[in-house]
Structure formats: structure tokens, C-alpha cells
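Visitor: I'd like to learn how to read a model like this one. Could you walk me through it?

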Amino acid sequence: MARAVTPARKLGFTIASWTVGLVIFFPILWTFITSFKSEGDAVAIPPLFVNFHWTLENYVLVNQRSDYLLHFWNSVVISVGSTFLALVIAIPAAWAMAFVPGKRTKDVLMWMLSTKMMPAVGVLIPIYLMFKNTGLLDTLTGLVIIMTLINLPILIWMLYTYFKEIPGEILEAARMDGADLKSEVLYILTPMAIPGIASTMLLNIILAWNEAFWTLMLTSSQAAPLTQFIASYSSPEGLFYAKLSAASTMAIAPILILGWFSQKQLVRGLTFGAVK
Amino acid sequence: MGKISLRKVTKKFGEVAVIPSLDLEINDGEFVVFVGPSGCGKSTLLRLIAGLEDVTDGVIEIDGVNATQTPPAKRGLAMVFQSYALYPHMSVRKNITFPLKMAGMDPAEQERRVANAAKVLNLTDYLERKPGQLSGGQRQRVAIGRAIVREPKAFLFDEPLSNLDAALRVNMRLEITELHHTLKTTMIYVTHDQVEAMTMADKIVVLQAGRVEQVGSPLELYNAPANIFVAGFIGSPRMNFVTGADADKLNAKTIGVRPEHIDLSKDAGHWKGTVTVSEHLGSDTFLHVAVEGQDTMTVRADGDVAARYGDTVYLTPQADRIHRFGADGKTLK
């Protein structure tokens with residue numbers, strides 16, 4: 001039997017969830033606040049929360065020193081480009097495995113997933129050398145390819161589970177109704193799978209946007225996305241927390257906003273099939 | 001036209017022969033019911049006719065044309081699924097129009113046919129709704145609507161009523177039967193419910209383990225079952241089977257008597273027994289009687305029989321209504 005929701009319990013839950021939420025959100029908030037401090041204030045002990053001299057100088061400096069727009073554009077091309085390329089490969093693959101499964105379908109799926117279990121650094125040297133020899137280092141093409149490949153297993157898995165949710169009888173009904181393969185995909189499968197495809201796409205864009213191993217290893221300037229832009233404020237010139245924070249804020253803002261507006265779709269996508 | 005012939009049709013899943021070589025003729029305009037316990041291959045057989053499963057061996061002819069390799073869409077058959085299989089993202093109108101759109105039919109004709117089907121099935125007010133907003137019975141009607149607009153050669157029904165509640169099931173049973181009278185199109189109907197089979201069919205095909213046990217009209221199966229399996233499967237409550245001395249006397253391994261063909265007496269009769277359960281339905285009373293030296297027997301009596309738990313009763317089978325079976329389970333002539 002469910003316990004009654006008393007006002008006291010409600011208050012307790014509210015406080016608890018705000019606490020958890022704030023703890024999770026705190027690093028982002030701190031980065032955001034720090035980005036408006038001078039370098040001196042940024043490292044002050046005890047830390048300063050609001051009672052410091054607010055300044056925009058970090059943003060000005062960061063924009064002077066590096067080409068934010070170039071990195072932003074690179075991030076967009078890499079995340080969106082790799083997502084679309086991956087979807088083009090993943091949709092037919094997931095379709096085939098969900099609706100025309102063979103004896104080894106489960107094994108293939110597990111094998112694909114297993115590639116995600118290997119630490120990326122394990123293949124760094126071969127991939128680096130391949131990129132070097134084919135002239136793909138520091139190119140957008142190279143990064144789109146690598147991002148497509150590393151996110152493909154997750155995409156196929158997600159789409160596979162969505163497609164599995166579509167009852168086979170509906171597709172059989174379409175076949176009985178005279179639909180050929182093209183019509184079946186166009187009129188039945190795709191409309192029914194669009195919520196799943198959309199949330200997979202969003203999640204993949206976010207993953208690719210935030211990816212910071214391969215983007216740091218395989219780019220230096222021309223194709224460098226925002227991850228490289230943030231990193232450039234950490235090592236070479238020593239640690240400049242305020243500028244680093246300004247760069248981070250600018251780098252995560254776009255994806256944060258995208259995530260904010262697509263929350264519903266993302267949550268629905270990630271819990272798809274769990275609750276009917 | 002909708003004449004369907006199966007010749008030596010075989011279906012294997014891996015090494016398992018679900019249907020070992022089966023022959024069957026379905027005539028144009030017939031209402032044929034495939035009935036049998038679950039796992040007997042009746043749904044598989046329907047799916048083979050539909051083309052949703054490939055036959056392992058044998059030939060399926062539709063109107064005299066070999067359709068064994070024809071894809072489902074080109075067979076000219078319509079199917080109603082157990083789960084209804086409506087397209088959830090389309091309105092009722094679009095669901096019903098879908099097969100016509102796939103056939104590339106003229107839009108005005110599409111409109112006319114959908115309106116007509118909606119009228120026949122009482123769906124006119126629901127055409128703009130999505131399947132999710134309909135009740136089970138309405139969804140079932142949409143599924144039937146989607147089948148009838150195409151004016152197919154034959155309708156295939158795969159246990160279409162099993163998701164409905166009892167009252168609705170009886171209604172839909174009548175509606176489908178009426179639809180058959182109106183359309184006069186061949187219908188093949190799969191069910192595990194022998195009452196549906198008896199009430200709806202022109203011809204019943206009783207299946208067990210992928211084999212046809214008997215084909216015949218409902219009353220033929222009831223009056224002259226070919227073997228013990230059919231005798232036990234058709235008729236409700238089930239036929240009583242008796243072995244031993246009573247069977248030996250009639251030169252049979254087993255004899256069978258239906259519950260309605262046993263006379264009940266409080267004083268004297270062939271078998272003496274004790275009532276274990278009495279089910280009063282108003283119109284009838286079903287008595288379950290523990291008979292000495294036999295299995296429990298079921299007797300159908302009038303509604304006003306006042307027999308209760310523990311009462312002693314005497315049962316006498318009607319001599320001309322006894323079915324005799326040999327050691328192989330087949331009916332002895």
C-alpha cells in the first residue's frame with residue numbers, strides 16, 4: 001500500500017531533489033560564475049560567490065585569442081555530420097536485425113557493443129597512423145568518420161530496441177494490404193519509428209559534441225572543435241581558471257540549450273519501451 | 001472468386017515439421033474454420049495461405065493459379081489479425097484507405113468504398129479518430145473494414161475475437177457471420193474455440209499436430225466424428241469416454257457418449273454414481289458424476305433438475321447415440 005503524501009513528506013522530497021539537482025549542477029554553475037571573475041578572484045581562498053568584481057574581460061580575451069566561431073562551426077559539422085552519416089548506416093542495419101533476424105543477430109549486436117568496452121586509447125596509435133598516412137589528421141572529414149564509427153554501435157542498439165517495439169503483425173498487415181518494401185518503410189515503419197529516431201539523433205549529437213578524446217588527439221587547429229578550444233586554455237599557457245571557464249561556458253552553452261529544449265524527447269527516447 | 005487448394009503442403013521450422021503434408025480444398029464462398037488446440041498448426045496454415053510464411057514443400061493454388069511463390073500483397077487475400085494490427089499513427093479513415101492507396105486506386109473510388117465500409121461497420125462517426133481512441137470492438141471493426149474495402153478473393157481471420165470480452169465476442173461472431181452472408185466471399189477463420197467453429201462455419205477443419213483429423217460441416221463432425229480426438233474436441237461439454245467391460249460388450253476399445261445423450265434417473269439406470277458438482281445455468285444443468293469404476297462423467301439435464309452435491313444418480317446412455325472407437329482411436333462403423 002502506498003503511503004499517504006503528507007505535506008511534510010512532500011517538503012522533504014522537494015528539499016532532497018533540489019539538493020541532488022544543485023550538487024549535480026554545481027560544477028557548471030561554478031564554471032559559469034568563475035568566467036566572470038578576474039584571474040585573481042578565480043583562485044581566491046576562501047572562494048568568492050557573488051561579492052567580487054564581475055567582468056566580461058575573459059570573454060573578450062578568449063574571443064581575441066582564439067576563433068570561437070571556427071571551433072563552434074567545426075563542432076556543429078562533426079556532431080551533426082557524424083550523426084547523419086551514422087543514421088544512414090544504422091537505420092537499415094537495425095531494421096534488418098529487428099525484422100529479419102538471423103541466427104547470429106544477437107552475437108553481432110553484442111560484438112558491436114563490445115567494441116565500446118575497449119579503452120579508446122588502445123587503438124590510438126593505429127588510428128593515428130592511418131589518419132596520418134591518409135592525410136585525414138586535423139580534417140573535418142576525418143573526424144566525421146571517426147565519430148560515426150565510435151557512435152555507430154550505440155545508435156544501432158538504440159534503433160534496434162525501438163524497431164523491436166514495433167509489432168511484427170503491423171508490418172505483416174501492411175504486406176497483406178499490398179505494401180512493397182518501399183511503402184512499408186515509408187508509410188508504416190518510419191512514421192512509427194520517428195520518435196525513436198529523433199531521440200537517438202539528439203543523444204548522438206550530444207555525445208559527439210562532448211567527445212574529447214579523439215577530437216583532442218586527431219586535431220590541432222583547422223578541424224579543432226570546441227573541446228580543443230577549451231583544452232587550449234588549460235595546458236600551454238599554464239592554468240588560467242577564469243579564461244578556461246569562459247571558454248567552457250561558451251563551448252557547452254549551445255548543447256546545453258539544445259538539451260534543455262529537447263528534454264522531453266530525450267527522456268522519452270531513453271525510457272522508450274520501459275514504460276508503456 | 002476465391003477457391004483455394006492446398007496440395008501436399010508441408011511446413012518445417014528447422015527440423016520440426018509443423019505441418020506434415022496436408023491436402024485441403026476450400027470452395028468459393030465457403031466459410032471455413034480451422035479449429036484445434038493451441039500449437040496444432042492452424043495459425044501457421046493460415047499464414048502459409050496468406051504468404052506470410054514460405055511453404056517448405058507443396059503447392060498452394062488460388063483460383064486455379066499456383067500462388068506458392070506469390071508474395072502476400074499479390075495474392076488478393078485480406079487478413080484480420082488477432083492483435084488487429086492497426087496502424088497507430090493513422091486515423092481510422094487512413095487505416096481503411098491504406099490498402100486502396102497501395103493498389104493505386106482512383107481517390108474518388110477510395111472515398112466511396114471507405115464511406116461504404118464505414119456504414120456497414122458502424123464506423124462513420126469514428127473515421128477521424130486514431131486507433132488508440134477506440135474500444136476493442138471498434139478496433140476490430142476497423143481491422144475488418146480495412147479487409148473488406150479491398151474486395152479480396154478471400155478473408156483470412158486469425159483468432160480475431162480472442163481479445164474481446166465474452167459479450168462482445170458473441171456480437172462480433174454474429175456480425176462476421178452476417179458479413180459473410182452479405183459479401184458471399186470465401187472466409188477462412190482460425191480459432192481454438194469450438195463454439196465459434198460450430199456456430200460460424202460451413203465447413204470445419206479439425207487440426208491436430210499439423211494433421212487434418214476431419215473435414216466436414218459442424219453437424220457432421222458432431223454426429224459422426226471420425227475419431228476420438230474429433231469426438232472429444234467438438235461439442236461442449238466434452239464427450240464422455242468409457243473403456244472396459246461396457247466398451248468390450250460393443251466390440252470397441254472405447255465408447256463415447258455426449259453429456260446430452262445420457263438419461264438421468266434417481267432410481268435406476270446403467271451406471272450408478274454420485275454428483276460431485278452441479279452447474280445450474282438456468283436453461284440447463286450440468287452434472288459431474290463420479291461413476292464407480294469410470295472417470296467422472298458429465299451429464300446435461302434440464303434446467304430444473306434438483307440434483308445436488310452428494311446425491312446418488314443413475315445414468316443410462318441412449319443406445320443409438322453411442323460412438324464406438326477402435327484401438328487406433330478411429331471410429332468403428
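Guide: Helices (H or I, at least four residues) and strands (E, at least two) are DSSP runs, numbered from the N terminus. This is a predicted model, where local features need pLDDT of at least 70 and side-chain atom pairs pLDDT 80 or more, while totals for chains, interfaces and linings use all residues. Residues count from 1 along each chain as its sequence is written, and chains are lettered from A and ligands numbered from 1 in the order written.

Visitor: Which residues of helix 5 of chain B are buried?

Guide: Buried means 20 or more other C-beta atoms within 10 Å of a residue's own, exposed means 12 or fewer, and partly exposed is in between, with C-beta atoms placed from the backbone. Here B:R169, B:M172, B:R173 and B:I176 are the buried ones. They sit on the same side of helix 5 of chain B because they cover an arc of only 110 degrees around the axis, taking directions from the axis to the C-beta atoms. In general, an α-helix has 3.6 residues a turn, so residues three or four places apart point the same way.

Visitor: What do the two faces look at?

Guide: The buried residues pack against helix 4 (136-148) and helix 6 (194-200) of chain B; contact means C-beta atoms, placed from the backbone, within 7 Å. The face turned away from the buried side carries the exposed B:A167, B:L174, B:E178, B:H181 and B:T182.

Visitor: Which residues have the most contacts inside the largest nonpolar core?

Guide: A nonpolar core is a set of buried Ala, Val, Leu, Ile, Met, Phe, Trp, Tyr and Cys residues joined through C-beta atoms within 7 Å. The largest has 143 residues, and A:L159, B:V33, B:L156 and B:I188 have the most contacts inside it. Helix 7 (residues 140-165) of chain A gives the most to this core, 13 residues. Beyond four places in sequence, B:L156 touches residues including B:L46, B:I49 and B:I188.

Visitor: How many helices and strands does chain A have?

Guide: Chain A has 13 helices and zero strands. Of its 276 residues, 32% count as buried, and its C-alpha trace spans about 75 × 65 × 30 Å along the principal axes.

Technical notes
Contact = placed C-beta atoms within 7 Å.
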